[in-house]
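Please keep the model open while reading.

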Amino acid sequence: MENPFERPPLNVSAALVDGLIPPFKKDYFAAITSNPNEHHRLLNSLRTGEDPTIRDGVNLALSRLFDPEAPKDPQNRTAFLVHDGTGTGKSFQAILAAKAIALETGEPALVTTRADLIPPLRRDLDRLGLDDSGIIFVATEQLGAFAKEAKKERRTFSVAILDEAQDCRYPMVRNFLDKIPAPRQLFFSATPFQNISELCYFISKLTGEPIHQVKNEMNAAPDVHAAVTDRLKRITAAGGMIHREFPFYGNVHPGRLLPVTAEAHTAETQLVSGYGRLLQNRDLPQQRKLKEDLAVELNTASDASKVNSILQRTLDLLSHNKKVIVTGDDLPVASRILKEPDGLPKEIPGFLSALRQALSGQGVECSFIQAVPNYSASIPDLAADRAVIASRNFKEMARFVDGGFRNNESGQRLEVRDWGNQPAYTPSQTKVILLPYQQAAGWPELNQRFQQAPEISMILTPTASADQFIQAIGRGSRRNSKGPTDVELVANDSSADRHRLGQLLKGLQFIAATGSPAVAPFLNLVADCLDRASAQRAVQDQRLIQLQKNQQTRSARKFDARRSGISPPASGVRP
Amino acid sequence: MNMFAELVEGPDFVKSDHLVGSILCSAPLLGADVWQEAFDRYDPLAESEPSVPLEQQQYRSDLRVDRYLHDTLTVEFELLATWVGKNPQHPAAAQVQSFLKRREQLGAPSWIGQQERLFLWAQKNEPDEIATSILGWRLLCDDLAGSLLDWALQQPDDQRGQHIRLWQQSRGFYPQNRLRIWALRFLEDARAPQILAWETAIYREIFETHPELVTASR
């Protein structure tokens, strides 16, 4: 299989507008010159090389930002969005755009991103042989305080550039950014919007239309996905954004639809009807929570029935020298409805924990990533618990990652490199990692980064969240992947899985409407899996209805026979 | 047939924007629009904490908005109380007197800080009955806040929609905080009484079973 990362990314925007992206009016990139050293070559290659991704991105952004006719927001600002997938060179574009705008205007450019991402940005600056003159780096966490100071000191900037612009999902970041005195805003993100509300924010920014107007238009659209595509098409054609992306690198296998036992179906029915009874005498707040609990119980019960199959599949993959990433939920439950024989609530372990135990029983040691407490990123009181788990998770992840790492004097984790300054290959300690969906984001080193490393296979169970699903896929197919990733979705026809697949499909349809080509194979996968699960369930329900009818008929015959006082014939249907 | 899906759909909260009485508009009486002035004065940068992660900053910002809304309603109550003392014969005096009766229910701002304690306790003590109520209450308020925001977008000129200007981008981490202020301000709206009824029921349950969870400040 050809590695798509060895070619330029797909130009999603060009495909969206049939190649009619407005040409840039000036080569702003040409003005940027590096210090005369060995890095000069990299900058020149970006300027004149075959891959126009970075050059075009910078020039299109600046053409728009300097266009006096471009739409403006109520504060008279122009905006541009670089919606480029991971590995397409967003960081290079961000610093090159900052440099070019500062050169063009003579005013400093402000670049903001999360604090831990500023050092890599500075390293990129160095790789290009550029210094930081004309660029002010500010951590997004400090943007509020910085804006306040800037206002006090009456400082102004030529542009405010936000890398990792998905952070605009925090209203506070939007507020802080708008407080920066700059007439231009430039956004970079691989995933700028995950839902309609976040999309509306960017549409408003890029068109200058009030956000409530955009939201109302979206809400009123008869086909919201068509409306999303149409909006992005118009913005792209007007020169307001650019979108490039790599396709998925790997094989997506048809979904594995596992059989559900009669006992599992019975348990599902018991759960649903049991919760139905519980809901009857509760007030709305309790009902709301019970409904959520029911979903968790059904999901955990459904996933528990997959443990053996996934165990066998994992063992099979390991025997074929593969490394395996299993992604699912890990939500243990003590049932409100189902009881153990001793009358205590039936306890069902979380899926990943159960799988870990099953693997251990087979002598397979795995890396286990633990879910952090809910909302622990937000609530200060939970931060300490979160830090402990995060530290443990980091160690677990390190055992699965290929390559060597060491800590320097200040405790910073450094990758061991060979004589050619390339990461040195060392096989990982574990070959299986169990990753909860909640923790699917991050972990840039889980994929196959070394030619000689075993290939990665991913096994996923259903989740309702398209964002988490795509994040999980991103653990396999990445810019630095040296080999393809196999993806398998394992589901069954339970209510829980059909519900999750339905939600997942809706989320993927939204992502697809924004033009993402990488999502296409997963859209087909989930749609097919849901169709088959629904069809299989319908057949089973029909069979059940028929069985019930037969039983009723038998009961009726039995009843009639007793009533009439006539014994059933010896050869007749057994009651 | 998917019984699960049917069950999840289930009964819903009141979404009607029907008015059972006329809403008090204090601006003509006070000669100033308390809420408009408060919104204009609100400074999102005022308490930014650069050393804290973004998620925590957003959490604290949500609580700050809640407190600000609480303070603003307190100010409106105070100004109206002064006004009615000076204008007892005014045709609007009766409506103002009636509006001021809600003051008692507003309580102290410490109510806002209390929500974190309740939430953390509930998370630890699931599936305790009262924990189910507390967590469900927050989820339900989040649903209602979302529905209210969608409604407000379509009614840009309605006073009830303008009132939620400060929380148009975030429903708040504990949406019950801002919802109760909205409900107290616009009790004539068909959606408001349920918000206060949920709160009353939850607090009754807490006082009966775990009084230690709530402070005497309420």
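The centres of domain 1 and domain 2 of chain A, taken over C-alpha atoms, are 32 Å apart. In this assignment, domain 1 of chain A spans 4–245, and domain 2 of chain A spans 250–263 + 301–536. The bounds come from an automatic or database domain assignment.

This is a predicted model: local features need pLDDT of at least 70, side-chain atom pairs count only at pLDDT 80 or more, and totals for chains, interfaces and linings use all residues. Residues are numbered from 1 along each chain as its sequence is written, while chains are lettered from A and ligands numbered from 1 in the order in which they are written.

Across the domain boundary, 15 residues of domain 1 of chain A contact 13 residues of domain 2 of chain A. Contact means that C-beta atoms, placed from the backbone, lie within 7 Å. On the domain 1 side, helix 1 (12–16), helix 10 (224–237) and strand 7 (241–245) of chain A each give two or more residues. Helix 10 of chain A gives the most, with four residues. Helices (H or I, at least four residues) and strands (E, at least two) are DSSP runs, numbered from the N terminus.

Between the chains, 44 residues of chain A meet 41 residues of chain B. Helix 8 (129–154) is among the chain B helices that supply at least two residues. Helix 8 of chain B gives the most, with nine residues.

The table gives the residue classes.

| Domain 1 of chain A, touching domain 2 of chain A | six residues | eight residues | one residue |

Ala, Val, Leu, Ile, Met, Phe, Trp, Tyr, Cys and Pro count as nonpolar, Asp, Glu, Lys and Arg as charged, and the others, Gly among them, as polar.

Note on methods: Two residues are in contact if their C-beta atoms, placed from the backbone, lie within 7 Å.
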